[in-house]
Amino acid sequence: MANNRNKAIRGEDLELSIQYFGPDGLPMDAESTPEIRITDADGSVVLSSTSTGVTRSDTGLYVYTYEVGSSADKGLWTDTWLADVDGVTLSNEFKFLVTDE
């Protein structure tokens, strides 16, 4: 089972997701597959912006599975998502904690 943003254990998979909504408040798909970028606790880019591996799980819900390396730096990492939804470019930033069990 993959970890989530609350606890990303080194050496295990981490499931990152984002939910988009339209102006009516209902889930809405992005105009194309969103891009994700991941930076470590020091701000170094560990995953350049890409839509490769991002999957649509449900209407407006996109998921990316990231393999946290066993020697990855512990600390607060950032995943940034970029997408166009209903003609508006959105950039959303989330944090996740890389730790040992």
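Trainee: Let's start with the core. Which residues of the largest nonpolar core touch the most other members?

Mentor: The general idea is that in soluble globular proteins, nonpolar side chains tend to be buried together. Keep in mind that what we have here is a predicted model. Its largest nonpolar core has 21 residues, and Ile36, Ile38, Tyr64, Trp81 and Phe96 touch the most other members. Two or more residues each come from strands S2 (13-19), S3, S6 (61-67), S7 and S8 (88-99). S7 gives the largest share, four residues.

Trainee: What is phenylalanine 96 in contact with, beyond its neighbours within four places in sequence?

Mentor: Phenylalanine 96 contacts Arg5, Ala8, Leu14, Leu16, Ile38, Gly75, Leu76, Trp77, Thr78 and Asp79.

Trainee: Now the sheet. What is the order of its strands?

Mentor: In general, strands of a sheet pair through backbone hydrogen bonds, either parallel or antiparallel. Here five strands make an open sheet with mixed pairing, in the order S1-S8-S7-S3-S4. S1 (8-9) and S4 (45-50) are at the edges with a single partner strand each, so one side of each has no neighbour in the sheet. For a pairing to look at, take S3 (residues 35-39) and S7 (residues 75-85), which run antiparallel over five bridges. Isoleucine 38 has aspartate 79 in S7 as its bridge partner.

Trainee: And threonine 39, buried or exposed?

Mentor: Threonine 39, in strand S3, counts as buried because its relative accessibility is 11%, under the 20% cut-off. Leaving aside neighbours within four places in sequence, threonine 39 contacts Ser44, Val45, Val46, Trp77 and Thr78.

Trainee: How many salt bridges does a search of the whole structure find?

Mentor: Side chains of opposite charge can pair when their charged atoms come close. The search finds five salt bridges. In one of them, arginine 5 pairs with aspartate 79, with the closest N and O atoms 2.5 Å apart. That pair links distant parts of the chain, 74 residues apart: arginine 5 is in the segment before S1, and aspartate 79 is in strand S7. Aspartate 79 is buried, at 0% relative accessibility.

Trainee: Which residue forms a salt bridge with aspartate 29?

Mentor: Arginine 56 does, with the closest N and O atoms 2.9 Å apart. Aspartate 29 lies in the loop between S2 and S3 and arginine 56 in S5 (residues 55-58), so the bridge ties together parts 27 residues apart in sequence. Aspartate 29 is partly exposed at 29%, and arginine 56 is partly exposed at 46%.

Methods: Residues numbered from 1 in each chain as written. Predicted model: local features only at pLDDT ≥ 70, side-chain atom pairs only at ≥ 80, totals over all residues. Heavy atoms only, no water. Pairing = 2+ DSSP bridges. Core = buried A, V, L, I, M, F, W, Y, C linked by side-chain atoms within 4.5 Å. Buried < 20%, exposed > 50% of the residue type's maximum accessible area, 1.4 Å probe, protein only. Contact = heavy atoms within 4.5 Å. Salt bridge = Lys/Arg side-chain N within 4 Å of Asp/Glu carboxyl O.
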